[in-house]
Amino acid sequence: MTVTDSRPARARRRGAEPAPDAGRIVIRDLRKTYTRNDGTTVPAIDGVDLEVEAGTFCVLLGPSGCGKTTLLRCLAGLEEPASGTIDVGGRPFFDTGSRVSLTPQERRLGMVFQSYALWPHMSVEKNVAFPMTTRRARRHFSRDEVRERVAKALATVDIAELAGQPISALSGGQQQRVALARAIAFGSDVVLFDEPLSNVDAKVRVQLRQEIHALQRELGFTAVYVTHDQEEAMELADVLVVLKKGRIEQAGAPRQLYRTPVSRYVADFVGTADVVEATVVGVEGPGLVAVTSEVGDLVVAAPGEAPAAGSSVGVVVRAEDWRVVPDGAAAAAAGVNEVRGTVRDSAYLGAATQYVVEVGGRTLRVRPQGSALLDEGHALTLRVDASDLHLVP
Ligand SMILES: Nc1ncnc2c1ncn2[C@@H]1O[C@H](COP(=O)(O)OP(=O)(O)OP(=O)(O)O)[C@@H](O)[C@H]1O
């Protein structure tokens with residue numbers, strides 16, 4: 001995949017370098033309410049503040065109905081927010097204060113949506129060329145340039161041989177490649193993706209998402225990508241934004257959300273975690289607190305201010321952080337952060353086996369790396385490091 005300068009010829013002739021923050025997105029206090037048929041209102045976006053640096057891959061993640069698509073559509077100009085501001089690369093796209101609201105065409109964003117939004121009876125080539133042939137765009141792109149850009153974009157996404165085919169003759173995966181080619185041919189600084197891979201089969205999905213990632217890295221556009229698939233989100237995101245009921249619950253690097261979720265909601269949504277109910281006993285040492293919990297006494301890392309003794313907390317523990325203590329090494333009395341349990345179920349996941357272990361009347365998911373297979377009914381001791389445990393309110 002080699003793509004050189006994707007800016008319109010006019011910009012290149014001017015010798016203008018793309019502004020370093022051309023794809024920077026700033027959203028302030030954005031709100032959007034829908035009114036249902038029965039007159040009730042839904043605050044689909046309820047005060048969102050978000051800054052996405054240029055060239056970043058930003059993923060919006062959350063369960064159905066949390067507002068991901070609405071946020072993306074507001075960015076695209078397909079929905080009119082009730083209030084707030086959207087600014088991209090220093091250009092105001094939307095501002096209730098100064099009554100700015102650019103049309104989708106004026107925003108010049110690339111869009112790759114779930115329903116491919118391609119013209120079914122037009123050829124692949126014509127579909128990819130389409131955004132460059134509108135009345136407004138014709139001022140920027142000569143006919144030769146459009147031809148050159150279409151050919152280059154089709155080659156980039158490996159479907160050059162399909163250029164003359166009608167869309168209706170293509171598979172779902174191929175159609176999504178056309179949508180991708182159309183978005184990059186235009187040379188947008190920002191490309192929006194709305195669950196682009198949910199209609200393609202699992203194998204093609206994995207391959208296409210790797211290609212989207214590589215393409216984004218190579219071309220350097222800012223990507224805003226909506227999904228409810230957490231694996232997809234973790235793989236793609238530089239910045240992961242978890243939404244809940246129209247608000248941002250937490251935003252940050254995937255590792256930050258995985259290791260230090262701010263709530264049970266985020267812990268649940270990012271990775272496989274159990275949240276164990278506990279009560280704080282007191283400070284155990286620098287950055288450590290002792291708790292009594294459903295599964296026994298634990299010492300937990302608490303890098304910030306320690307919660308007060310007696311307060312109820314949740315202890316987040318990841319399936320892969322448990323280690324099985326070899327039988328001979330398990331002392332009669334359990335050591336620090338050791339719990340006794342019984343294997344109730346197992347599932348072979350390929351790279352690891354995940355067990356369901358009953359401990360103190362509840363179950364925990366345990367995915368020890370590279371350990372021997374454990375039979376159902378097997379009694380065992382599990383250990384976890386305090387630094388791998390995390391408290392949530
Ligand atoms: N046109 C509409 N009219 C009324 N309510 C709507 C409309 N579009 C969305 N909503 C409501 O707004 C909320 C947010 O919807 P949105 O489609 O943004 O969620 P989402 O996170 O993208 O969900 P999904 O993953 O299912 O697509 C939901 O409660 C939804 O029912």
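Which residues come nearest to the ligand? Of the 13 residues around the ligand, they are Y34, A44, S64, T69 and T70. A residue is near a molecule if its C-beta atom, placed from the backbone, lies within 6 Å of it. This is a predicted model: local features need pLDDT of at least 70, side-chain atom pairs count only at pLDDT 80 or more, and totals for chains, interfaces and linings use all residues. Residues are numbered from 1 along each chain as its sequence is written.

**Overall architecture**

- The protein holds 10 helices and 21 strands. Helices (H or I, at least four residues) and strands (E, at least two) are DSSP runs, numbered from the N terminus.
- The C-alpha trace spans about 80 × 50 × 50 Å along its principal axes.
- Of the 393 residues, 38% count as buried. Buried means that 20 or more other C-beta atoms lie within 10 Å of the residue's own; exposed means 12 or fewer; partly exposed is in between, with C-beta atoms placed from the backbone.
- Among contacts between residues at least 6 apart in sequence, 66% join residues at least 24 apart. Two residues are in contact if their C-beta atoms, placed from the backbone, lie within 7 Å.

**The ligand shell**

- The shell around the ligand divides into four nonpolar, seven polar and two charged residues. Ala, Val, Leu, Ile, Met, Phe, Trp, Tyr, Cys and Pro count as nonpolar, Asp, Glu, Lys and Arg as charged, and the others, Gly among them, as polar.
- Both β2 (41-52) and α2 (68-76) supply at least two residues of this shell.
- α2 gives the most, with three residues.

**Helix α2**

- Seven of the nine residues of α2 are buried, so the helix is largely enclosed by the rest of the structure.
- The buried residues are K68, T70, L71, L72, R73, C74 and L75.
- Just after α2, G77 takes a positive phi of about 90 degrees.

**V224 in strand β9**

- V224 is found in β9 (residues 222-227).
- V224 counts as buried because it has 26 C-beta neighbours inside 10 Å.
- Leaving aside residues up to four places away in sequence, V224 touches V52, C58, L60, L72, L75, V190 and L192.
- V224 and R383 are 159 residues apart in sequence and 39 Å apart in space, C-alpha to C-alpha.

**Helix α5**

- α5 (residues 143-156) has 14 residues and reaches 20 Å from its first C-alpha to its last. That is close to the 20 Å expected at 1.5 Å a residue, where the expected span is 1.5 Å times one less than the number of residues.
- The buried residues of α5 are V146, R149, V150, A153, L154 and T156. They cover an arc of only 155 degrees around the axis, which puts them on the same side of α5. The arc is that of the directions from the helix axis to the C-beta atoms.
- An α-helix has 3.6 residues a turn, so residues three or four places apart point the same way.
- The cover over the buried residues of α5 includes α4 (124-129), α6 (172-185) and α7 (202-219).
- Just after α5, D158 takes a positive phi of about 60 degrees.

**Positive phi in loops**

- K245 is in the loop between β10 (239-244) and β11 (247-252). Its phi is near 45 degrees, a positive value in a residue other than glycine. K245 is partly exposed, with 16 other C-beta atoms within 10 Å.
- N337 lies in the loop between β16 (323-325) and β17 (338-348). N337 is not a glycine, yet has a positive phi of about 55 degrees. N337 is partly exposed, with 19 other C-beta atoms within 10 Å.
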